[in-house]
Amino acid sequence: MTAISLIPPGLPLVLGALLLPLCTARLRALLVLGLPLLVLALVWQLPAGAVLSIDFLGHELAPLSDSKLARLFATVFAIMAFAGGLFGLNHMRVAELSAAMISAGSAIGIAFAGDLVTLLVFWEALALASTLLVWSTRTPQSRDAGLRYLVLHLFGGVLLLAGIIGQVAATGSVAFTAMALDSPAQWLILAGFLINAGAPPLSAWLPDAYPEASPGGMVALSAFTTKAAVFVLLTGFPGADILIAFGLYMVFYGIVYALLENDMRRILAYSIINQVGFMIVGIGIGTEMALNGAAAHAFTHIIYKALLLMSAGSVLYMTGKRKCTDLGGLFQSMPLTAICGIIGALAISSFPLTSGFISKSMISQSAADQHLTFVWFMLVAASAGVFLHAGIKFPWFVFFQKDSGLRPPDPPLNMRLGMILFAFLCIALGAWPAPLYNLLPYPVDYAPYTYAHVISMLQLLLFSGLAFFIMLPYLKRTLTITLDWDWFYRRLLPRAACPLVRALDAWQRRCSIDTLRHISHFLGALFLYHGPQGVLARTWATGSMVLWVVILLGIYLLAYYF
Amino acid sequence: MLLANLPALQVVIPLVSAPLCLLLRNPRHAWAWSSLVSAAVLAVAVMLAHRVYTEGTISYAIGAWATPWGIEYRIDMAGAMMVLIIAAISAVVMPYARRSILHEIEYKKIALFYTCYLLCLTGLLGIIVTGDTFNLFVFLEISSLSSYVLISLGSTRRALTAAFQYLVMGTIGATFILIGVGLLYMMTGTLNMVDIAERLPAVTDTRTIRVAFAFVTVGVSIKLALFPLHIWLPNAYTFAPSVVSAFMAATATKAGVYVLLRFFFTVFGSQFSFAAMHVSEIFMLLAIAAILVASLVAVFENNVKRMLAYSSVAQIGYTILGISLASAAGVSASMIQLFNHAMIKGALFLALGCVFLRLGSVTLKDMHGLARHMPWTMAAFVAGGLSLIGVPLTAGFISKWYLISAALTAGYWPLAVLVLISSLLALVYIWRVVEAAYFNVPGASMDKIKEAPASMLIPVWLLIGVNLYVGIDANLVVSMAQQAADALIGQVLQ
């Protein structure tokens, strides 16, 4: 019995994913839908507090280390893998389905990782699988975006690896436990985590890469990377004050850019950063209720964000259009997609009786309890902002607004079923929060449905809704591209690196900035000495080689005499 | 009887088989014979390693002449590990060689190739097992002379100049070693390593011994291609036949490192080498330069074979870095790196040989879109490349892990940063190949390209398999390397 019970639950998904390309279509569907359920079963049959430990390089690895938090995240990851697979079954490529399953399996692996090495392995696997998801549409845009995604996440991985090595060298233990941020190594680990969470200044990878994936691909992408980062932050850095600042920045960064954006799935991508910001604020506050709130919010957010993206993905799948300016009036021919989209929009706006209401309010309530007035005020203001950019803007511009003349029907059955399942979950969790509250890591002493909560939330939503329609003329989207931090590495770096010296010289003439001149000199010198014709790379005359032998012998003799 | 003579058999089998190869003449027969010999050599190596693992250091007197007078073969754990690496690489390369050699070498010279190959193998194995400094020089020359021939057999005329340059440099290196050995003999009156080590303390503080040390260090540095004496290596590896590049990259420089370790630890003793002679400081500087410079050159290189050759120079830098830490942890990290790099570079050069077989070129611009036509070959290259970068779950990760922890234990944290930076550089140059093969659109001439034959793919994937296995379960390699380091360092302290 113990042998069965101690299988790391992420493993069947990863291994199954490798089998997918060998299967017939029918068997593939069975695996895609069946394995997540198997994983759920594996998660919930684990004896409480189970630990599987393996000796590796003289360190005690724990690829399976059970905790309430791990179970919570693994559960929602498995549910997500099921619904995402169902939604993508008809239109995702085989390799894409495999990549989605590997990323789900890796995220579950991260949730159960009891040591830093296991964590790192699944972390990198998640980055690679996510890159494949971005690449799967095989457009030039997705190719470039995927490349940027990969480079950035490998960089994050390197930071994490450096931090982990430093941490192991300092403490002698690979265990993954809460850290106090008192050594450079722990700061490196935090930086590695935050890159995956979409924290500033490198947030731009998320809205850059995700919208280039296929409809089902983006649904899968939205769930795992950022929420796995939330999980590791919850475990590793609960109560780290600096996270409050990061979180607040992300909350408003997401809102501002989402309001400016025209591409419907980029709006939702920015809103992922915004929502993860809420969770990170919760982690930064660090009280039991705040941590509960962050965990619960991650759970509900995965579901309603996936629902929103399924709705947007269905529109993209049926119309082939992704810009708000090209869409509108789809309510008439895609009623089910519209209703599900609206349910998701209400949930993300924390409308009472939806899942967002019962989770997000825990975070702002805990800020109030800790007398963090400023934080509380910002969170409440941001809640109004969320309603503006995701709650109204997305459904309004896509399903109502002007009539675009498009009359596509609702999407195929499997996509409809995926949406219905998650719409149901959004409402069910909102109406009956008790089951979710029971899964949270700490005992919950919080009642969401009090008069004060409901009334104040409704007031907030009503007035921001009013504001939206009053300001509608200003919010009408034009065909624009918004400039983000990624400009630095999308525009600046290629110019520096590609036709190396020449481009840099031209650049330098144009703006004659000292720093740039130094960089160009540096790269130019590197190329001059290391390039194929450089002195360090070309073939030397035998005589000069021998000269070096003599020089070296001289150096050794000198060194030995002194 | 057979078991007792294992150390001699290790060298005698390939030595005696080599001329037979020349007599066979027919390429197919010569190949079959060499493969058989390689398999036998591997079997002996495994038995030998097993005996050392269980029973400890083996001392074998050739012709039963007692040790200080006769030639002694002496195999401790470090030697056993090296013998195992060389024999294993040879056994894997041989099945691969048939198709590759048939394609790259003139029909009439093929038998000659296998003869020289077996001689080279003899030399490398002899270097490892011998416990006699002059005998070491002889084996070094056997392996060097035969490798000059092997390199000159490359398919372009530039192979000749590359081989000639290597010949000049290699001869200078060997001469330096001989001068060093001669000076040692002058002062101690013996050639046996253990015997020298016993007599050396009495005369340590003389100018002669210091000069001997300098000559040996520089001579071996040429052989193992330590920066800035590496200049012969890129051309030699680039223009040699693919099989030779793979074999040499995986074994020859490794044997050089082993010679260095022998001289530093067994003959001169770590006290003299590291405390009195400041070899740590010089080696650390040269290793850092090797890692950075060679990685940067590799980043800009357009010929993939040359790229891998420079990457080898950088990897030798890692090995020397480990040694320069002068600690048990550092030396065992170097031994792990020796083993893992042999597996990594062997696999990469062999994969590139498959590309050369089908494409006739290994430059980046000719490899555009190649992955669509040679998926297995390029997948192997990517897997080997990941290991070279040091991605977790590959062998490369294990060696970098131990190297970094050895550096951190010794208090050199900037070295850990250096290793990480150079991993990023490795990522860049491997990525350039991946980008060319996977993301660029293939040209029209690519349509006829087929996947490499199974006889070549299986050896490649065998080495990749070892990489992945070591990445997951490194216990055997690590414990062997630690015993090897103990054997090397312990001998001095006794």
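Predicted model: local features only at pLDDT ≥ 70, side-chain atom pairs only at ≥ 80, totals over all residues.
In which hand does α24(A) pass α6(B)? The crossing is right-handed.

Chain A has 562 residues, and 54% of them count as buried. Its secondary structure consists of 24 helices and two strands. Among the contacts in chain A with a separation of 6 or more, 79% are between residues 24 or more positions apart. Chain B has 494 residues, of which 64% count as buried. It has 19 helices and two strands. For chain B, residues 24 or more positions apart make up 80% of the contacts with a separation of 6 or more.

Now to the contact between the chains. Chain B gives 39 residues to it, and chain A gives 30 residues. On the side of chain B that touches chain A, the elements that supply two or more residues are α6 (158-188), α8 (207-223), α9 (232-239), α12 (279-300), α16 (395-409) and α17 (413-439) of chain B. The largest share of that side comes from α8(B), with seven residues. Sorted by class, the side of chain B that touches chain A holds 31 nonpolar, six polar and two charged residues.

From α24(A), the residues that make the contact are A:Thr542, A:Met545, A:Val546 and A:Val549, and from α6(B) they are B:Gln165, B:Val168, B:Met169 and B:Ile172. An α-helix has 3.6 residues a turn, so residues three or four places apart point the same way. The contact of α24(A) with α6(B) has six nonpolar, two polar and no charged residues.

Helices also pack against one another inside chain A. Helix α6 (residues 116-135) and helix α7 (residues 140-171) of chain A have axes 9 Å apart and pack at an angle of about 175°. That angle makes α6(A) roughly antiparallel to α7(A). By class, this contact of α6(A) with α7(A) has 14 nonpolar, seven polar and two charged residues.

A second pair in chain A is formed by helix α16 (residues 373-399) and helix α19 (residues 451-470), which pack at an angle of about 50° with their axes 9 Å apart. The result is that α16(A) lies oblique to α19(A). The crossing of α16(A) past α19(A) is right-handed. On α16(A) the contact is made by A:Val380, A:Ser383, A:Ala384, A:Phe387, A:Leu388 and A:Ile392, and on α19(A) by A:Leu460, A:Leu461, A:Ser464, A:Gly465 and A:Phe468. This contact of α16(A) with α19(A) has eight nonpolar, three polar and no charged residues.

In chain A, α5(A) has 19 residues, and 27 Å separates its first C-alpha from its last, close to the 27 Å expected at 1.5 Å a residue. It is mostly covered, with 17 of its 19 residues buried. In chain B, helix α5 (residues 133-152) has 20 residues, which should span 28 Å at 1.5 Å a residue; the end C-alpha atoms are 29 Å apart, which agrees. Of the 20 residues of α5(B), 15 are buried, and this helix too is mostly covered.

A:Met92 sits in the loop between α4 (68-88) and α5 (94-112) of chain A. Is A:Met92 buried or exposed? A residue is buried if 20 or more other C-beta atoms lie within 10 Å of its own, and A:Met92 is buried because it has 25. Apart from neighbours within four places in sequence, A:Met92 is in contact with A:Leu97, A:Ser214, A:Gly216 and A:Gly217. A:Met92 and A:Gly217 are 125 residues apart in sequence, yet their C-alpha atoms are 7.3 Å apart in space.

In chain B, B:Thr57 lies in the loop between α2 (27-55) and β1 (58-61). B:Thr57 has 16 other C-beta atoms within 10 Å, so it is partly exposed. Its contacts, leaving aside neighbours within four places in sequence, are B:Val52, B:Arg74, B:Ile75, B:Asp76 and B:Ala487. B:Arg74 is 17 residues from B:Thr57 along the chain, and their C-alpha atoms are separated by 7.2 Å.

How values were computed. Residues numbered from 1 in each chain as written. Chains lettered and ligands numbered in written order. Contact = placed C-beta atoms within 7 Å. Helix = DSSP H or I, 4+ residues; strand = E, 2+ residues; numbered from the N terminus. Nonpolar A, V, L, I, M, F, W, Y, C, P; charged D, E, K, R; others polar. Buried ≥ 20, exposed ≤ 12 C-beta atoms within 10 Å, placed from the backbone. Left-handed = near helix turned anticlockwise from the far one by under 90°. Expected span 1.5 Å × (residues − 1). Axes fitted to C-alpha atoms, helices over the stretch in contact; angles between N-to-C directions. Parallel < 35°, antiparallel > 145°, perpendicular 65-115°, else oblique.
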